Amino acid sequence: MPFQLSSDYSPQGDQQQAIAKLSKSLDAGNKHQTLLGVTGSGKTFTMANLIQHVGKPTLIMSHNKTLAAQLYSEFKSFFPHNAVEYFVSYFDYYQPEAYIPRTDTYIEKDSAINDEIERLRLSTMGSLLTRPDTIVIASVSCIYGLGSPEDYENMMLPVRVGQTLTREELIQQLVAMLFERNDFGFSRGNFRVRGDVVDVHPAYLDETAIRVEFFDDEIDRISSINVLTGQTIDKLDNHTFFPAKQFVTSGEKLKRAATAIRAELADRIEWFEKHNKLLEAQRLRMRTDYDLEMMAEMGFCQGIENYSRHLTGRKPGATPNTLLDFFPRDFLTLIDESHVTIPQIGGMYEGDKSRKTVLVDHGFRLPSALDNRPLKFSEFIDMTDQRVYVTATPGPFEYLNSRPENRTFIPVPPRTKGAPNPIRKFRLPPSGNTEPVSSFDPEKRGTPLIVEQIIRPTGLLDPVITLRPLKGQIDETIELCRQRVDRNERVLVTTLTKKTAEDLSEYLKGTGLKVSYIHADIDAVERVEILRQLRAAAIDVLVGINLLREGLDLPEVSLVCILDADKEGFLRNETSLVQTAGRAARHLAGECVLFCDTVTDSIQTLLDVSAYRRNRQEQHNKQHGITPKSVQRALQTSLHTHEKEREKAEQLNRSMVADDESSYDKVRVIAELESEMRDAAAKLEFERAAHIRDQITQLKQGTPETESKPVKYPKGKRRGGR
C-alpha cells in the first residue's frame with residue numbers, strides 16, 4: 001500500500017463504522033458519498049483511513065487557507081513517509097486587472113506573492129509528476145489556470161553522477177527553465193557559477209541548494225548544501241530539477257504561440273476598425289506587441305497566463321489546464337466542509353468571466369484571455385472521479401447526489417425566500433427514533449450514501465445551547481468571558497460586521513481581557529498565528545465574523561457567544577449556527593450562548609439538531625460506560641518560519657562565517673551581507689541593518705584590501721575547488 005498511516009490511536013466511536021461504510025461505497029465505484037461528521041468526531045482521521053484504504057493520489061479541498069493550513073499540518077503527521085503538499089493561492093495581496101467603463105478607469109493587475117506558498121505550490125506540482133503517494137491539501141485555487149503538465153514535465157532536468165553534460169549545457173537548460181543567474185544574491189529560482197561548480201537553488205526548496213561539480217564534460221559530484229553556509233548536507237547520486245516558474249513552455253511552442261497571437265490580434269483589430277472603435281484597436285495593438293516582444297526576449301511577460309490558450313495549443317472554449325491535470329485520471333477527491341466548498345467552486349467561473357469580458361470588449365485583452373479561467377462546475381465534476389463530501393451540515397447538493405443511481409451530478413437550484421427547505425426531512429429522523437439517518441447499503445439502489453459520524457471518540461456531547469435576551473448582551477458577554485478565563489478556558493465571540501468585531505475587540509481589551517479579532521482582511525499566515533496564540537493562552541477571547549466556523553480545531557475553547565443571533569440571514573442561518581456552535585464541542589464544559597429576543601427557524605433547527613445528537617451521544621456513553629473528556633492536542637507549529645527565529649539563525653551563521661576564515665570566500669560573504677544590509681534598510685529595519693554593517697566591518701578589518709584582492713585557489717584544485 002503506497003500510503004502508510006502513522007497514528008498512536010485506532011478508530012473509536014462512530015469512526016470504525018464510517019470508515020467501513022465509506023470504504024465499501026468507494027470499492028463499489030460510487031461517485032458521490034457524504035460523511036456527516038459532527039465537530040470533534042475525528043473526521044480528519046476517518047479521511048486519513050480512507051486514503052490508506054483506497055491507495056490513490058488524493059486531493060483534499062478546503063474553502064479557506066486557514067483551514068487548509070490546519071489540515072496540512074494534521075495530514076503531515078498522519079503520513080510522515082508520503083508526500084503531503086499544500087496548494088493555495090500564493091497572493092498575500094491581489095488586485096485583478098479590471099476596467100470600469102462608467103468612469104473610464106483602468107485598474108492594473110497588482111499583487112504581492114508569498115514566496116513560501118509559491119515554493120509549496122511548485123513542490124506540489126513536482127510531487128504529483130514524480131510520486132504516486134501524493135496527498136494535496138488545496139483551496140479553490142486548484143481549479144484556476146496553471147501551466148500545462150506536459151510542458152512542465154518535458155522541462156524537467158534529471159542529472160546523475162557520471163552523466164555526460166557540459167557546464168554550458170547545464171546553464172543553458174537552467175535558463176530555459178526560467179532560472180536566473182545571480183552570483184551574489186543566491187535565492188530561490190537562482191543559480192551561481194564558480195569555475196567547474198554550479199550551485200542551483202530550486203524554487204521548491206527552502207534552505208537547501210543543489211551543487212553540481214564537473215570534471216571536463218562529465219558530472220563528477222552532486223550534493224545538497226546549506227544555502228547560507230555552503231556546507232554539504234548530503235551526497236546524491238542523482239537529482240531532478242523542476243522549472244522555476246509555474247507557467248513554463250518550450251521555445252518552439254513560444255514561437256508557434258506568437259504566430260497564433262499575431263493572427264488573433266489582426267482579426268480583432270480588423271473587427272474594432274470595422275465597428276469604428278479606433279481607440280480600442282490602438283490600445284490592443286500596443287499592449288499585445290509589447291507582450292510579444294517580452295516573450296521573444298525574456299521567454300516571459302507580465303500576464304502571460306492570458307495567452308495560455310495559444311501557449312498550450314488548446315481550442316477556443318476548451319477546458320484550461322489546472323492542478324487537476326497533474327493528477328492521474330482516477331484520483332480520490334475529499335471535499336472538506338462541502339456545504340461551503342461546493343458553492344464556492346461553482347461560483348468562481350461566472351465572476352471571472354464577467355470581469356474579463358469587459359477587458360476584452362474595450363481592447364485591453366484579446367478574446368483568448370477568456371480561456372484563462374477557472375473550471376466550470378461541470379468540468380470540475382468531469383475531472384474528478386470519486387468524491388467524498390465531508391461536513392457536519394450537508395446541503396441540498398450532498399443529499400441529492402449521494403445516491404448510487406445518480407451517475408451524473410444534479411445541480412441544485414437556488415432556494416427562494418420563504419420556500420421550504422428541501423433537505424429538512426433528512427436532517428432529523430422521526431420523533432423518538434434514535435437510529436442513524438443512514439441505513440447504508442451501497443448495493444441497495446436509492447439508499448442515500450450519507451454516513452453519520454456523531455459519536456465522538458472522547459465521549460463528548462454536543463455543547464449546551466443557552467438562549468439569552470439581546471438587552472445587555474455586551475455586559476453579559478464580558479461576564480461570561482471572565483468566568484471562562486478564570487478557569488483557563490478560551491472564548492469565541494461572533495458579530496455581524498468587521499467594524500463591530502474591531503470595535504468590540506478594543507472595548508473588551510479595556511476590561512482587562514486579552515482579546516484579538518480575526519476577519520478576511522487579515523492575511524492567511526497571520527490568521528494561523530492568531531489561532532495559535534489563542535490556543536497558547538496569549539489570547540483569551542477571539543472576536544470574529546464568519547471565519548470562526550467550519551473546521552477550526554480549538555480544544556481550549558469552551559464557550560461560543562453568538563451576538564444578534566436572531567438576525568436571520570447568511571451569518572445566522574441554520575448551517576452557520578450549527579457550525580459556529582460546534583467550535584465549543586471539543587471541551588467538556590462546551591456551551592454556546594445565543595443572544596436573541598425571538599426564536600427563529602434557524603435557532604429552532606440548532607436546538608433540534610443539538611437535542612437529537614446529545615440524545616444519541618448520551619445513550620452511547622451510558623451503554624458503553626464512557627466518561628466524556630476534553631480533547632487534548634499538542635500545540636502545532638505555524639506554517640511559516642517566524643522572522644525572529646530566522647534572524648537569530650542568520651546571525652548565528654554569520655558569526656560562524658566570520659570566525660572560520662579558512663573555509664569561506666570572504667569576498668562573497670561581504671557582498672551577500674552588503675546586499676542584505678541594503679534590503680534591511682529599504683524595509684526600515686535599521687537595527688538589523690546596523691548589526692549587519694558591524695559584521696561587514698569586522699570581516700573587512702580581518703582582511704585588509706579585501707574588496708580588491710583577487711581570489712586565489714590552492715594548487716591542484718580545479719575552478720571552484722572543493
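The dialogue below asks how labels given to parts of this predicted model follow from its computed values.

Trainee: Why does Leu492 count as buried?

Mentor: Leu492 has a relative accessibility of 1%, and buried means under 20%, so the label applies.

Trainee: How far apart are Leu492 and Val543 in sequence and in space?

Mentor: They are 51 residues apart in sequence, and their C-alpha atoms are 6.0 Å apart.

Trainee: What makes β21 and β23 a pair of strands?

Mentor: Strands pair if DSSP finds at least two bridges between them. β21 (residues 490-494) and β23 share four, in the parallel sense, so by that definition they pair. Val493 stands opposite Val543 of β23.

Trainee: How many bridges join β22 to β23, and in which sense do the two run?

Mentor: Four bridges join β22 (residues 515-518) to β23, and the strands run parallel. Tyr517 has Val543 of β23 as its bridge partner.

Trainee: Which way do the residues of β23 point, and are they buried or exposed?

Mentor: Val541 and Val543 point one way, Leu542 and Gly544 point the other way, and all of them are buried. In a regular strand, side chains alternate between the two faces of the sheet.

Trainee: How do you know that the span of helix α14 is close to the expected one?

Mentor: Helix α14 (residues 473-486) has 14 residues and reaches 20 Å from first C-alpha to last, against 20 Å expected at 1.5 Å a residue. Its buried residues are Gln473, Thr477, Ile478, Leu480, Cys481 and Arg484. These pack against several elements, among them β21, β23 and α15 (498-509). After α14 comes Asn488, with a positive phi near 60°.

Trainee: How does α7 compare with its expected span?

Mentor: α7 has 24 residues and reaches 35 Å from its first C-alpha to its last, close to the 34 Å expected. The buried residues of α7 include Leu254, Ile261, Glu264, Arg268 and Phe272. The buried residues of α7 pack against α8, α9 (308-312) and α10 (338-361).

Trainee: Why is Asn276 called exposed?

Mentor: The relative accessible area of Asn276 is 61%, and exposed means over 50%, so Asn276 qualifies. Asn276 is found in the loop between α7 (251-274) and α8 (278-298). Asn276 has a positive phi of about 60° although it is not a glycine.

Trainee: And why is Asp104 called exposed?

Mentor: Asp104 has 53% relative accessibility; the cut-off is over 50%, so Asp104 counts as exposed. The place of Asp104 is in the loop between β5 (98-100) and β6 (105-107). Asp104 is not a glycine, yet its phi is positive, about 55°.

Trainee: What makes β10 and β15 edge strands?

Mentor: The open sheet has six strands in the order β10-β11-β12-β13-β14-β15, with mixed pairing. β10 (180-181) and β15 (232-236) each pair on one side only. Two bridges join β10 to β11 (residues 190-194) in the parallel sense, and the cut-off is at least two, so they count as a pair. Glu180 has Asn190 of β11 as its bridge partner. Helix α6 (residues 167-176) packs on the sheet and touches β11, β12 (197-201) and β13 (208-215), with its direction at about 165° to that of β11.

Trainee: At what angle do α1 and α2 pack, and how far apart are their axes?

Mentor: Helix α1 (residues 15-27) and helix α2 (residues 43-54) pack at about 40°, with axes 10 Å apart, and the crossing is right-handed. The residues in the contact include Ala18 and Leu22 of α1, and Phe45 and Leu50 of α2. By type, the residues of this contact are seven nonpolar, five polar and one charged.

Methods: Residues numbered from 1 in each chain as written. Predicted model: local features only at pLDDT ≥ 70, side-chain atom pairs only at ≥ 80, totals over all residues. Heavy atoms only, no water. Buried < 20%, exposed > 50% of the residue type's maximum accessible area, 1.4 Å probe, protein only. Axes fitted to C-alpha atoms, helices over the stretch in contact; angles between N-to-C directions. Left-handed = near helix turned anticlockwise from the far one by under 90°. Contact = heavy atoms within 4.5 Å. Nonpolar A, V, L, I, M, F, W, Y, C, P; charged D, E, K, R; others polar. Expected span 1.5 Å × (residues − 1).
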